[in-house]
Amino acid sequence: MTATAPGGGPAVLVTGGSSGLGAAVVAAIADAGGRPYVLDLTEPAPGVDWLACDLADTRAAEEATRRLAELAGGFGGVVTAAGVDRPGALVDVPAADWERVVAVDLLGTAAVVRAALPYLIDSGGNVVTVASTLGLKAVADATAYCAAKFGVVGFTRALAAELAGSVGVTLLVPGGMRTAFFDGREEQYRPGADAVLNDPAAVAAAVVFALRQPPGSAVREMVLCADRETSYP
């Protein structure tokens, strides 16, 4: 969050900013004096500027990113918090559902970052991508999600090397959080009653810390999870 756009604090784009971790990041940015802008399918918190966008449509995601950047007067940061999942055995998950997970979680992430880069280079800003502990550890019935999040890990590490000296790049690896992410799943794919999940506000505070790094300093990778997280290490 190093660039201050006209009319207030630093402008930060947050994908998926209407719910879950994204909403927590939006609140944390606002509390820190920044100006969050959101891309999502549903309306974020009152007073937050946003555009409706299906991130699976990567060309639309690029265009929406540019439109919000022009509205904001540039970006000092981008946080790609949008994510979906469709657990199940590979042979059972419909192909369209499987591919949508990869499209939103990986290709949508790349599309938004690609479109935002000219503004971030101009501001010397920071990018925080959101992977998952399942981007480091594969589990059964999660081929789409693991493929996407492993891809985010590789994408972000390569991006950090590519942009060294111009844009700060941070890979965030969160564990399970107390959000609606697990709602609507079959019982076998929901955390059990005794599951220990992290508070998304704690993860959002770490995101703001990464965004606040000045030019020349970058938090390369962060793992944030409950201390009894079963998917890490």
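Me: In β5, which residue is the bridge partner of V78?

Reply: V127 is the bridge partner of V78 in β5. Two strands count as paired if DSSP finds at least two bridges between them. Here β4 and β5 (residues 126–130) run parallel and are joined by four bridges. Before we go on, this is a predicted model, where local features need pLDDT of at least 70, side-chain atom pairs count only at pLDDT 80 or more, and totals for chains, interfaces and linings use all residues. Residues are numbered from 1 along each chain as its sequence is written, and side-chain values use heavy atoms, with hydrogens and water left out.

Me: Are the faces of β4 buried or exposed?

Reply: Burial goes by relative accessible area: buried is under 20%, exposed is over 50%, and partly exposed is in between (1.4 Å probe, protein chains only). In β4 (residues 77–80), G77 and V79 on one side and V78 and T80 on the other are all buried. Across the protein, 53% of the 233 residues count as buried.

Me: What handedness does the β-α-β unit with β4 and β5 have?

Reply: To read it, point the strands away from the viewer: the crossover is right-handed if the path from the first strand over the helix to the second runs clockwise. β4, helix α3 (residues 95–123) and β5 make a right-handed unit.

Me: How many helices and strands does the protein have?

Reply: Elements are DSSP runs numbered from the N terminus, with helices being H or I of at least four residues and strands E of at least two. The protein has five helices and seven strands, in the order β-α-β-β-α-β-α-β-α-β-α-β from the N terminus on.

Me: What stands out in the loop between β5 and α4?

Reply: D141 is found in that loop, and has a positive phi of about 65° although it is not a glycine. At 28% relative accessibility, D141 counts as partly exposed. The loop also holds L136, which is partly exposed too, with a relative accessible area of 38%.

Me: Where is the cis peptide bond?

Reply: Look at omega: the bond joining Y232 and P233 is cis, with omega about 0°. P233 lies in the segment after β7 (221–224).

Me: What box do the C-alpha atoms fill?

Reply: Taken along the principal axes, the box is roughly 50 × 35 × 35 Å.
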